[in-house]
Amino acid sequence: MTVHGGVGQSIKRKEDARFVRGKGNYVDDVKLPGMLYLDIVRSPYAHARIRSINIEKALKVPGVLAVIRGKDLEAANLAWMPTLMSDKQMVLPVERVMYQSQEVAAVVADSRYAAADGVVAVEVDYEPLPVVVDPMKALEPGAPILRPDRKEQTNRIWHWEVGDREGTDKALKESDVVVKENLYIPRIHVSSIETCGCVASFDAMGKLTVWMTTQAPHAIRTVFALVAGLPEQKIRIISPDIGGGFGGKVPVYPGYVLAVVAALKTGHPVKWIEDRSENIQADSFARDYHISAEIGATRDGKLTALRVKTIADHGYTDAAANPSKFPAGLFHIVTGSYPFEKAHVEVDGVYTNKPPGGIAYRCSFRVTEAAFTIERIVDSLARKLGMDPAEFRMKNFIPPEAFPFKSALGWEYDSGNYQGALRKAMDIVDYDALRKEQAEKRKRGELMGIGISSFTEIVGAGPSHTFDILGLKMFDSCEIRIHPTGKAIARFGTKSQGQGHETTYAQILAEELGISSEDIAIEEGDTDTAPYGLGTYASRSTPTAGAAASIAARKIRDKAQKIAAHLLEVSPDDLEWKDHKFQVKGVPDKAKTMAEIAFAAYTNHPPGMEAGLEAVDYYDPPNLTYPFGSYICVVDIDKETGEVKIRRFVAVDDCGTIINPMIVEGQIHGGLTMGLAPALLEEIHYDENGNMLGGSFMDYLLPTAVETPKWETAKTTTPSPHHPIGAKGVGESATVGAPAAIVNAVVDALAHLGVTHIDIPITPWKVWKILHEKRAA
Amino acid sequence: MIPPRFEYFAPSSIDEAVQILDRFGGEAKVLAGGQSLLPVMKLRLAEPRALVDINRIPDLAHIREDAKSLRIGATTRTNDLNDSELIHARYPILSDAAYEIADPLVRNMGTVGGNVSHGDPANDLPACMLALGAHFVVRSPTGTRTIPAKEFYQDTFVTALESNELLLEIQIPKARPGQGNAYVKLEKRIGDFPIVGVAANLVLTTKGTIESAGLALTAVGPTALKATEAERHLVGKAPEDDAFQRAAELAQEITSPVSDLRGPAEYKRAMVRVLALRALHRASARAHGGA
C-alpha cells in the first residue's frame, strides 16, 4: 500500500501554488514601516587609489539621510570582513579600489529614487593604478603586487596539490600515447532571476532581523555574530522565498553588511536590493580556470595516468565558497569515471583586478571544471588512439563490481554503473546509425558531430572528518513535530531556492511516517525556528537534510511503536511497521495508523513516557554521494556561418533513489540549459584596463527556449549504499556533465580537419575561423 | 537603474506634441514604445528633461495600402508587422525582420517608428527601409516634410530628424507583381542585436530580369548601409547566383564593421557576403512566387 505523496511519486510541487500565481514572498516584497533604501556608489576603475570622497552634495539631495564611507566603517573595525577562505574582503575601501564596480560608498535615503540621485552626487577622486587582468601576467616577476597587506609579497594566493607527482610523471613517461590539452573555462555568472538584497531591522530590544537572499541562513547568523560582535540570540536571519541561488547566494556581500550598518546608524529598517547590472558586475563569479591536462594510455587503449595543472583566477581576494580544507573545491574528482592508477593535480590561486568569487555555480565546488577536463581530454586521447570515444570509455570505465571504489586522488566512490548509463544513452540515440550518417555526410562535405560525456559527480558535503566551513561541520538537520490530529510540521537547516524542498522533504517523511505529504508542512530559512544547518548548495540537501529527515522520522517511529503497543495492549516487539502503520505481526487488522498514535501521544500516552511526538536529527553523512550519467549530444554545423545547432541531446542520469521523478526531470532540464549556456554563449569579458564588457543582459546572453534543444532524458537507478533511502542528489549533475558533451560534439564534427579542442563558449566565429583557415590552407 | 527626474507630457494631438518638443529645444525625447529610450535613461546614459508620450495621439498606429504606398503609422507596434496578413503576403521582408527583433514582450511595446528613427545601426528595420526605398513623413511646428530613407541616416544615433520634429508615418512604394524581398539576420542568440543583417528587395521585369534592386546592411557601419553599387550591378541582370555573388562582394566593400562581443570585424565582413547571397536568393524565390 502506498502513502499519498510518498517517495517515487511525481506529485506536483506544493510551492508552485504560490509561485505561479505571483504570490511568493521574496526579500524585495518585505516592506516595513519607516523603511529606508540603500544604494551603492561603485568604482569606474579596476584599480585606483581613492584620493577623496566628497559627500557634501549627496547629503543635500532631497531625501538623502546618510552616506557611509570606508573610513566610517574603519572606526568600527568593519571596513574589512573575512572571506570563507581565510582571506579578507573590503566592505568599503579606505585606500584603494580593486575591481570595476567595487562598492565605494553607500547612500541611505527615504526612497529608491532619492538614493539613486544621491549616488550620482557623491564625488570620488580616483588616481588610477596599473591594472592586472591576466592571471598569467599576475604571476610574472615585476607584476604589481595587488595585495601588499599580505605577508607574502606575490599575487599567488596559494598552491595546492594532491596525488602522486613522481608516480604520475613516471607513468606518463612510460605511456605509449600521451595527449595534452590546454582548456580555459571562462568566468561566468549564475544570473539567478532574483538579484541579491536584504532588509535589516533592529527592534526596540536591539535584536537584529535580516531578511536576506541567502542559501545558508544559519551560517550567516554565526558569521554576523563573530564579525559584528552581536550576541547570536539577538540575530535572526530569514531567507524568505529565494529566486534561484546556484551558489551565488552563499557569500556575504558588502551590501548586506552596509544595510545592517545603515539600520544601526539611522535607527530605521534599511532595504538594499541590487539591480541586474550590479549583480552581474560585482557579485561572485564562477569558473575562470586555466587548465592544462595530460593523459596517458597504453597502445591498446588502457588509461595510465592523469596530470592536471591549473591557474585559478580569483579576483582581488579569495572569496570562494568552498569547504575550508579545499581551496580548489573538489576539483580532484577530475579522474572522473576511470580507474587511473596514478594522478596528480595542482592548482595555483591568483589575484587579479577582478571581482572576487570562485563560487560553485550549480556544481559541488569545482566539479564542473573537473568533469569538463576529464571528459574533454579522454575524447582527445581516444581520437589519438584511433578509437571510437564510446568504445574507449566502455573499455576504461570503473566496472560496476569495483564499487565502493577508491580513486587515485583519494575519494571513495559509493556506487556506480557507468557502462549501463552509456549503453542506455547509446541505445536511445541510436549511436551506430549516427556514426554511419556522419560518415556519409562527411563524404558530402557536411559537418555533423556526436559528443559523449560520461561524468561522475561528487555531492552531499559532507562528512565532518573533512568538511567544514569556518570550522562549522557540514552536517544538516531535520526537526519533526507530529500534531495531535496526525498532521505534522518539519523544519530543516537547508534553504530551497527553487529545488522543491517543500515537496520532496514531505515525500520522504510521508514514506517514513505513513502521513500524506499533503499533511506535512515544511519550513526552512528562519534561524529563530529551524534547526541549525549549513544550507543548500553543492547538491547537499537530499544527501544531508534528506537523510536527517529519514533518521528523525525513524526516531519518531521508535516512540510511535511503543505507543501503538500500549494502545493495542501488546509488546512493542509484537508489532511490525507494514503498509505505513504498526500491525500486530500476522494480524493485519490489529493495527494503528500514525494519526491514531499521534492522538494518543497527546491524550493517552503510556505511563512513564513523555507526552508528544517529535524528533530531531543532525545528520553527519558517512561519505559523499557520487551521482553520474552519460550524455550524448548531436550537432550540425553551418559551414558558411559557423553556427552550431544542437540536433539532439540525450541525457541518462543516475542519482540513486528518486524521490519525485518530475522534480528530477525539471532539475535535469534546468541543469542542461545551464550547461549549454557556457558551452555556446556565456562569458564575462574584461578589457586590458579591467573594464567588464557585457555587464548586462543586453550583452551577457543567457540561452532562451529557442536555443534549448528538446532534452531527451532517461535514467538508471543505482542507489547510494550509505544514504538512508539510497538517494544521491541531482541538482547539479546536468550542469556538470553537459558542457563536455557539447564541445566534444563540435570537435567531433571538425576532427577530420585536425581540430582537437575549441575553448568555450563556442561562438560561430570561432568555428568559422577554423573552417576559413583550413580551407585557405 | 533608476532615471533622474524628468517632466512627462501626454499630448493628444500631433501639433501639441511638436509644440512641446519645440519648447524644450532638444532636451525633450519622444516616448513611443520606450524599448530603447527607457533602458538608456535607467542607465543614466540619456537624461532628457522631458518625455513626450505620443501613445495617446489618435491614428498614429496603422498599416494600410493606398494606390501608391504601404503606409505604416509611427506608433505601430513591431508585433503588428508579424500579425498583419498584408505584410506577410506582400512585404515579407518586414515580417522577416519583425519576427527577429528582440522578444515578444519588446515587440508588443516597441514601435516601428521608434525602430527606424532611433538611428541605431544595429536596429533591423532601417536596412529594410533602405532596401524598400521608404520615405518618412515628419512634422514640425512649421509644417510637414518627407525624408527619403537614404537621406535619413547620417551617423550613429544621428538622423535627419530635427529635435522639434515628430515622425508620423513611413511610406513604402506599393508592392508590384514580380517583386520579392527578404531580411536575413545572423545573431548569437534569438532576440539579440544582429551580428549582421541583410535586407534585399528585387523587382523583376516580365521577362524575368532585374528591373530594380534594393540591398542594405545592418550592424556593419555607423548607420544601416545602402549598398548602392551592388544594387546598380544587379539591375538588368538575371536573378541568379552569378549576379548575386558579385553584388554580395560589392556590398561587402562598403562595410566597416567593428570587433565586439558579437564577433570580430573579419567575421562580420565575411558574413555580409554569406547573408547577402541568402537574402538575394530568398528575395528572388519570393519574386517568383515562392515563400
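Which residue in strand 7 of chain B is the bridge partner of B:His135? In this predicted model, the partner is B:Pro148. The pair belongs to a set of six bridges that join strand 6 (residues 135–140) of chain B to strand 7 of chain B, and these two strands run antiparallel.

Helix 9 (residues 149–152) of chain B contains B:Glu151. B:Glu151 counts as exposed because it has 11 C-beta neighbours inside 10 Å, and the cut-off for an exposed residue is 12 or fewer. Between B:Glu151 and B:Ile72 there are 79 residues in sequence and 19 Å in space, taken from C-alpha to C-alpha.

In chain A, the buried residues of helix 11 (residues 389–396) are A:Pro389, A:Ala390, A:Phe392, A:Arg393 and A:Asn396. These residues line one face of the helix, because they fall within an arc of 160° when helix 11 of chain A is seen down its axis. Among the elements of chain A that cover them are strand 16 (303–313) and strand 21 (447–456), together with helix 10 (367–385), helix 12 (418–429) and helix 13 (431–443).

The largest nonpolar core comprises 341 residues, of which A:Val107 and A:Leu509 touch the most other members. Helix 12 of chain B supplies the largest share of this core, with twelve residues. When residues up to four places away in sequence are not counted, A:Leu509 touches A:Ile480, A:Ala488, A:Ala490, A:Ile515, A:Ile520, A:Ala549 and A:Ala553.

The contact between the chains takes 22 residues from chain A and 16 residues from chain B. On the side of chain B that touches chain A, the largest share, three residues, comes from helix 12 (residues 265–287) of chain B. By type, the residues on this side of chain B are ten nonpolar, two polar and four charged.

Terms used: Residues numbered from 1 in each chain as written. Chains lettered and ligands numbered in written order. Predicted model: local features only at pLDDT ≥ 70, side-chain atom pairs only at ≥ 80, totals over all residues. Contact = placed C-beta atoms within 7 Å. Helix = DSSP H or I, 4+ residues; strand = E, 2+ residues; numbered from the N terminus. Nonpolar A, V, L, I, M, F, W, Y, C, P; charged D, E, K, R; others polar. Pairing = 2+ DSSP bridges. Buried ≥ 20, exposed ≤ 12 C-beta atoms within 10 Å, placed from the backbone. Arc of directions from axis to C-beta. Core = buried A, V, L, I, M, F, W, Y, C linked by C-beta atoms within 7 Å.
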